[in-house]
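Here are my notes on the model you sent over.

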Amino acid sequence: MALIKLGQDPESPEGKSPTIYLDDEKDTYLVQGWKVADEARRSQLDLPGHEDVIEIPKRMVQFFPEVKHGDGTDS
């Protein structure tokens with residue numbers, strides 16, 4: 001498995017989070033972001049016990065290839 005770092009939040013004060021990765025073996029994304037701990041917000045989600053939710057700013061979607069290129073290709 002090779003995780004490919006697609007991009008980090010350019011406005012992150014420490015340059016560590018949020019970050020978006022592509023798992024090229026599973027063809028999935030891994031998203032590092034801020035843990036949503038606010039129970040009022042979490043209660044609005046249908047969140048199974050084996051899942052969790054994180055938050056990233058809208059500016060981060062630019063790093064998803066489907067957004068960057070419009071069709072999911074690298075060119």
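1. A convention to start with: two strands pair if DSSP finds at least two bridges between them. With that in hand, E1 and E2 run antiparallel and are joined by five bridges.

2. Some housekeeping before the rest. This is a predicted model, so local features need pLDDT of at least 70 and side-chain atom pairs count only at pLDDT 80 or more, while totals for chains, interfaces and linings use all residues. Residues are numbered from 1 along each chain as its sequence is written, and side-chain values use heavy atoms, with hydrogens and water left out.

3. Overall layout: the protein has two helices and five strands, and along the sequence they read β-β-β-β-α-β-α. Helices (H or I, at least four residues) and strands (E, at least two) are DSSP runs, numbered from the N terminus. Of the 75 residues, 21% count as buried, where buried means under 20% relative accessible area, exposed means over 50%, and partly exposed lies in between (1.4 Å probe, protein chains only).

4. Why is E2 largely enclosed by the rest of the structure? Four of its five residues are buried. E2 also runs antiparallel to E3, with five bridges joining the two.

5. Asp-27 sits in the loop between E2 and E3 and counts as exposed, at 66% relative accessibility.

6. Asp-24, Glu-25, Asp-27 and Glu-66 gather in a patch of negative charge on the surface. For the record, patches are made of residues with over 30% relative accessible area and no salt bridge, with like charges joined within 9 Å and nonpolar side chains (Val, Leu, Ile, Met, Phe, Trp, Tyr) within 5 Å. Lys and Arg count as positive and Asp and Glu as negative, while His and the chain ends are not counted. The place of a charge is NZ of Lys, CZ of Arg, CG of Asp or CD of Glu. The accessible areas come from the Shrake-Rupley method with a 1.4 Å probe, and for residues only the protein chains shown count as cover. Asp-24 lies in the loop between strand E2 (19–23) and strand E3 (28–32) and is partly exposed, with a relative accessible area of 44%.

7. How many salt bridges are there? The count comes to four, taking a salt bridge as a side-chain nitrogen of Lys or Arg within 4 Å of a carboxyl oxygen of Asp or Glu. One of them pairs Arg-59 with Glu-11, the closest N and O atoms being 3.6 Å apart. Arg-59 is in the loop between strand E5 (54–55) and helix H2 (65–68) and Glu-11 in the loop between strand E1 (3–8) and E2, so the pair ties together parts that are 48 residues apart in sequence. Arg-59 is partly exposed at 32% relative accessible area, whereas Glu-11 is exposed at 56%.

8. Glu-55 forms a salt bridge with Arg-41, with the closest N and O atoms 2.9 Å apart. Because Glu-55 lies in strand E5 and Arg-41 in helix H1 (residues 39–42), this pair ties together parts that are 14 residues apart in sequence. Glu-55 is partly exposed, with a relative accessible area of 31%, and Arg-41 counts as partly exposed at 39%.

9. Asp-52 forms a salt bridge with Arg-42, and here the closest N and O atoms are 2.9 Å apart. Asp-52 is in the loop between H1 and E5 and Arg-42 in helix H1, so the pair ties together parts that are ten residues apart in sequence. Asp-52 is partly exposed, with a relative accessible area of 49%. Back with Arg-59, salt bridges that share partners join Asp-9, Glu-11 and Arg-59 into one network.

10. Last one: Lys-35, in strand E4 (residues 34–35), counts as exposed at 64% relative accessibility. Lys-35 and Asp-52 are 17 residues apart in sequence and 8.5 Å apart in space, C-alpha to C-alpha.
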